[in-house]
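Me: I'd like to learn how to read interfaces and sheets in a multi-chain model. Could you walk me through one?

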Amino acid sequence: MKVVGSSVQRSDGEAKVRGDAVFGADLAVPGMLHARLLRAPVAAGIIRHIDTAAAKASAGVRDVVTGADVLNERAGVAVFDNPLFATDYIAYEGEPIAAVVADTAEQAEAAIRKVELTIDAETPVATPGQALMSDARMVHPSWAEFGTVGGIDFNRDGNIVSQILLDPGDVDGAFKRADRVIEGVYQTPRQYQAYLEPKMALATFEAGRYTIQVSHQYPFRLRDRLAQVLDVPKSAVRIVGHHIGGGFGAKLDLALEPYAAVLARRARRPVMMLNNPEEERLTAPCRENATVKVRSAVLNDGTILAQDVDVVFDSGAYANNHPATASIPIFMFGSIYRVGTARIRNRMVYTNTAPTGAFRGVSGPYLVFAAERHMDQIANELGRDRREYRLAMLAEDGHKMLNGQALEELSILHKAFDLVEERAPWAEQGKGKLRGVGIAAAVWLTNPQPGQATVKLNEDGTLTVVTAATDSGSGAVTTGLRQIAAECLGISADAVTITMPDTDVAGFDAGSQGSRTTHVAGRAVYDATTGVREKVIEKAAAMLETAKEDLVIEDGVVHVAGVPEMSLGLADVAMAATFSQGPIAASGSYTTPPPPHDPSRTKGMLFSTWPTPTYHVHLAEVTVDAVTGKVTVERYIIAQEVGRTINPDAVKGQVLGGLAQGLGYTLWERVDIDAGRYVQRNFESHGLPLACDMPEVEFVLMENPEAAGPYGAKGAAEPSIVPVAAVIANAVSDAIGAPIDDIPITPEAVLDALERS
Amino acid sequence: MRFYRAHSIDEALELLSEWGEDGCLLAGGTDLMAQYGRGEIAPGALIHIEGIEQLSIISSGTRTQIGALTSHRELAADAEIAAGHPALASAAGLVGGWQTQAAGSLGGNICNASPAADLAPPLLVADAHVTLTSKSGERRLALNEFFMDRRATARRPDELLTVIGLEPLPPGSAECYLKLGRRGAMDVAIVGLAVRLSLAGDGAIKAARVAVCSVAATPRRVPEVEAALTGTRIEPDALAEAGRALAEAASPIDDARGTASYRRRVLPGLLERAVMQCGEEIGR
Amino acid sequence: MTADQPISVTCTVNGETQTLEVGAGETLLQTLRRRLWLTGTKEGCLEGECGACTVLIDGAPVASCIQSAAAVDGRDIRTIEGLSDGERLSPLQQAFLDHAAVQCGFCIPGMLMTLTALLEQQASPSREEVETALAGNTCRCTGYQQMVDAAMTAAGRERA
C-alpha cells in the first residue's frame, strides 16, 4: 500500500498554522446581530416574575425573548424533558431564561443585566444520593408526563431518569457458594471537556428555512434536534459546519443553535451567538460523576463466581443522551475477565446541576476504573500478584460478554500484556519507597452509527469526497478518509479534496463520536471510491480497447498491467467520460451491523451490542511526594490495537491526547460541586494538564486488520482515555500501600491514605 | 472610562490626585484587564504608567532598589537579582506562564495584594520596604505593614508605588522559595514558602526569616517560626518544632484549590525541605 | 465596541504601521480581531490563562485578551498572520505540520507565537525548556509531545 499507513499531512493543517482557518467563533456575515442568554443565577428555584421592559429599552436592543414568546415544548434525544427556556422553575445554574438580541454583543450583554428576575430560590437536589432519598423533592414534578423517543419507558421513576437491569437470576446463589465476598465502592467526579473554542451558532432564516453555521461534531443530529424543538420538517433546517476548536463530546447536541434560529427568524437578520468562558464552564455537558459499587463472589483459588455491580450516576437537570448509553456497564464487566455470572444495575439520576453528557469514552473511564481497581483489590486480598491474577482470569477467544456476544479476538489482549511486559518487566517496576506500578486492560468499541459518502472524479483527475463527517481535530476526515480514497483509486492523498459538512449537500453521517469516522465513514468512502474506480476502469478499457481485467491504476495513471506505455491519465478518462456518458461519481453507505448476541438479555436497552471491539493494556509507574502527597507519573506505556493504521502520526496524536485527558481526569482537573453550583469557575482553578505535566509515553501500536473496515481499520481515537484512571490509581495505591478508590487523586487524599497505611 | 498615558512620575501623581479612587494604575494590567473584562471593576480612568522609564530601574548596593514596573520576566532573568535575591528570581519564574511574566510587574503584583502573591514571601524575607510617592511627599513602609488584608494595602489612592528596597542575601546565607501547586506550572499557589537562612561557623542557625503566602489573608512573615529556628541546628527535632509552630501560626481557608487542613498539613514538611535546601546551599 | 473615550494608538502590526482609534478599555485581542480582522489570534479563556490569544509585543509573548490596546502605542506587535514569509511557512510552522502537531488547531496560533519567541531568544532549547516555555499555552487535543517534537526539529535538535 502506498498511501494507507503513511503519515499524510492533514488537509487543513496549513490553514491552521497560518491562522487562516475560520472556526465557528470567527464567523461574521453582513448585517448580523448578536444575542446573549440570561442564565439562571441559582441551582434551583421558582420563577415568580421576569420583567424585560428595561432590557427592551436598552441601547441597541432589537428583541428580548422568554419562554412565553416562543414554542417552548420540552424536547430531548431520549426523554423529552428539556424546554428552551425555564419558565416556571429553574433546574440548574446556567439554565437559559431569556435571550436578548442587539446590534453588538456588548449591548446584548448590558441588556441581559437589565432583565429583572424574581426568583424564590429552593434548596437544590445537589447529589444523586439526595435525589434518591425517599422524601427527595422531584427535580421535575411533572416527570411522568414527559414523552420519550419511540415511547420507550426507560424504567423512569421520579428522580430516576432511566435505569437498566441485567439480572441472569443465578447471582445470589453464587454469592452463597463463595469463600469470600469482596466489595468496593469507586467514586469519580465530573470532567469538563475544556475545548478551547466556545460554543457558538450563526443562524439565518430565508425562504422558510433555517441555516445554522456552526462548529459542531454531529451536524445531522443538530438538524434533527432543531427540527424537533422548532417543530419544522428536518428538510427545513440546513447545518453548515466549520472548523471545530475541540469538542470531545460536548458539541454533539443542541446548545445555542435553537436560540439563534428563533431570534434570526424574528429579527429577519442573521444572529450570532457565542458563549463566554464562564457560560461554557457552567453549562458544558461534562462527563457524569458516578458511584460504582462492585461485589465479587470469590473462591480462595481466585475463581470469580459472580459479580454484582450497581452504578449510580448524575444526569444533572436533564436526561441528555444518557438513557441510550446506559447499557455500557454490561460491556465493561464480565467481558475480558471470566467472572462467572453478573448482575448489572445502572441508574441515572436527576439533580439540580448542569446536565451531564458525552465526553470521550462515554462512561468507560469510570467503569474501567471500578472494574480494574476491583481486580487489584481481589488480587491483594487473595495475596496474588496483580498482573499474574489478571492473566489467570483473562478470558480466551470466543468468550461471551454479558449480552451473549462473543469476543472473537481476545487473544489480542494476551498479546498486549506480553508486549507491555517486553518493555517493562512487571517484576522490575515500581520498586522503591513511595514508588508504585499499575496495570489495567480494557476492551473498547467502534461506534457503529451510519455514514454516507459521495466520491466524484473531477475532470483534472482528482477526487472530491462529499461527506458530512466532521473532523474535530483527530484527522480522521482530513487525513484518514482522504488516504482511504487515494489508496482505493490509486492516486496521492494530495489529489483528494474533502468537503466540510453541509446537510444540504452530503448524506447522513453520525458525526465525530466513538472513533467511528475512520471505520464507518471510511468504509462508505471506500465503497464509493470502489464504484468510481470501476467506472474509470470501464471507461479506460473502452478507450484503450483492452479488457477491464488487464488494467491497473497507479499514481494517477490507468495502464495495462505490465505495459506502462498503454496508459491514460485519470484527467483524460474523466474528461472523456464526462462528455460522453456523463461525469463519474459513486456513493457508498455503511453502518456496522450489530454483532450476534442474545436479545433476551438486552431488553429495553437502546444500545445492545459492542461492535468492532479494540483491545488495550496500559501500565504506569508513579512516585509519590511524602510531604505534599503529589503524584508524579514517571513512565507510561500504552499497547493499543487499532485494526489497521491508516495514518501512524495521527493515531499517535489521538493516543497521546486521550492519555493527557485521562491524566487530567485522574490527577489535576477539578469539577467540584457545592450545593448544586460548580466550585471551580475559571480556567486556572480547573487545572488542565500542561506540557510540563506530561510523562514520557511509550506507545506500542498493534495491528490486526478487521474484515469490514477500510483496509482493516477499526476505531482508534477515543479509547486511550479509558484505562488511565484505573492504571494511575492502581499505581498510586501500590506506591503508598493503601487503596485509592476515588478520583481525582488529590494530594490531600494521598496524604490521608498514607496516614492510614 | 478615560485613558491617560503618564510619561513621568509627576504626571502620574497629578492624575492620581485628580482621579483619586476612581483612577486605576495600569502597569502590565494582567489582573486589572481581566477584572475589567468580567465587569468586576468600572474605573473612571486608566492611568498608564508603563512609559515611565525611571520605574523600571534595578540598582544594587547595600540595599537592592527595584523599580515597581520591573516585570516578572526581568526579575527571573536579571543577573544581579539572581545573585542577591535567588528566591525572588525563582518565584518570579513561577508566576503564571511566560505571557503573565512578560506583562505583569512587581509593583502590580504587590499592589494587588493577593493572599497568594508568589513574589511576596521572597520579598518579605529580604526585609522589603516599599516607597510610596504622592504630590504631598514620599514615605517608606515595610512590606508587612503595606499588606493590610486580602486585596487591601496601605497605599492611598493618590500614591504611586515607585520602588521596592531589599536587603541582599548576606554572606554565609541562602534562601529559597517553594511553591506548591497541583500542576507543574500555572497554578495559584496552594502554599508558598520562602526561607532565608544564615548559619554561624559552627553550623548553628544565626538568623532565620520565614514568610508564607496562601495560608492567611495576606502574605506574611512568621516570627514564631523564625524564633524557633534561630540558635538551633538543622536537625530533625528543631525542624519538627519549627514546623509545628508554622502550622499553628497559619490561618488558611478552604478554597477551590485546596482545603485549610491540607495547607496546614504540608507546611512543616515544606519548611523542613526549604531549611535543608538552604543549609545545603550554604555548605557548598 | 465600548462607549469609552477613544484614544489614538500608533503601533506596528506584522511590520505595518497602524494608527487606530481604540476604546479606553479595549483589549488588544478585540482590536486585532475586530478592527484589523486578524482573526488568527483566538479568543479562549479571556483571563490570560489558556494562551490561545498569544501575540508577540516587542518580541515577548503576551496574552492579548488581557492586554490594553491603548497601552501598545509605539510598540511592535506580531501575530500568527505575520509568521510566514509570504507563501513560505516558517520552519516552526512547517515542523508543526511535519510532526502532526496540529489537531483542532485552536491553540496553534498561540503555541506558534510563544515558540517563535523562545527560538528567537534561545536558538537551541532543551525539551524541558520548551515545555516550560509552553506553560501558558494549553492544548486539550494533543498531549503536547508532537508539539515539543516539532519545536525541537525547528530548533535543529531533532531526536535521534
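This is a predicted model: local features need pLDDT of at least 70, side-chain atom pairs count only at pLDDT 80 or more; totals for chains, interfaces and linings use all residues.

Me: How much area is buried between chain C and chain A?

Reply: The size of an interface is often given as the accessible area lost when the parts come together. Here chain C and chain A bury about 4,000 Å² between them, with carbon and sulfur atoms giving 55% of that. In terms of residues, 50 from chain C are in contact with 51 from chain A.

Me: And how many salt bridges are there between chain C and chain A?

Reply: There are four. One you can look up is C:R33 with A:D26, where the side chains meet at 2.8 Å, N to O.

Me: Which elements give two or more residues to the side of chain C that touches chain A?

Reply: In chain C they are α1 (28–35), α2 (91–98), α3 (108–121), α4 (127–133) and α5 (145–154). The top contributor is α2(C), with five residues. By class, this side of chain C splits into 20 nonpolar, 15 polar and 15 charged residues.

Me: Now the other interface. How many residues does the contact take from chain B and from chain C?

Reply: It takes 22 from chain B and 33 from chain C. The area buried between these two chains is about 2,100 Å², and carbon and sulfur atoms give 57% of it. On the chain B side, look at B:R5, B:W98 and B:Q99: they supply 35% of the area that chain B buries against chain C, more than any other three residues.

Me: What does C:D73 form with B:R5?

Reply: A salt bridge, with the closest N and O atoms 3.9 Å apart. The count between chain B and chain C is two salt bridges, and eight residue pairs are in polar contact, again with both at pLDDT 80 or more. The elements of chain B that give two or more residues to this side are β1 (2–5), α2 (30–37), β3 (45–48) and α6 (98–103). This side of chain B has 11 nonpolar, seven polar and four charged residues.

Me: On to sheets. What is the strand order in the open sheet of seven strands in chain A?

Reply: Read it across the sheet: β3-β6-β1-β14-β11-β12-β13, with mixed pairing. β3 (61–66) and β13 (237–241) of chain A each have a single partner strand, so one side of each is left without a neighbour in the sheet. Neighbouring strands are turned by 25 degrees against each other on average, direction ignored.

Me: Which way do β11 and β14 of chain A run?

Reply: Antiparallel, joined by four bridges. To find your place, A:A203 has A:V271 as its bridge partner in β14(A). As for helices, α6 (residues 219–230) of chain A packs on the sheet and touches β12 (209–214) and β13, making about 145 degrees with the direction of β13(A).

Me: What order do the five strands of the open sheet in chain C take?

Reply: β2-β1-β5-β3-β4, and the pairing is mixed. The edge strands are β2 (16–23) and β4 (60–63) of chain C, each pairing on one side only. Neighbouring strands in this sheet are turned by 40 degrees on average, direction ignored. β1 (residues 6–13) of chain C pairs with β2(C) in the antiparallel sense over eight bridges, and C:T12 has C:T17 as its bridge partner in β2(C).

Terms used:
Residues are numbered from 1 along each chain as its sequence is written. Chains are lettered from A and ligands numbered from 1 in the order in which they are written. Side-chain values use heavy atoms; hydrogens and water are left out. Contact means heavy atoms within 4.5 Å. Buried area is the accessible area (1.4 Å probe) that two parts lose on being put together, summed over both. Ala, Val, Leu, Ile, Met, Phe, Trp, Tyr, Cys and Pro count as nonpolar, Asp, Glu, Lys and Arg as charged, and the others, Gly among them, as polar. A polar contact is a pair of N or O atoms within 3.5 Å; within protein, one must be able to donate a hydrogen and the other to accept it, and residues adjacent in sequence count only if both atoms are side-chain atoms. Two strands pair if DSSP finds at least two bridges between them. Axes are lines fitted to C-alpha atoms, for helices over the stretch in contact, and angles run from 0 to 180 degrees between N-to-C directions.
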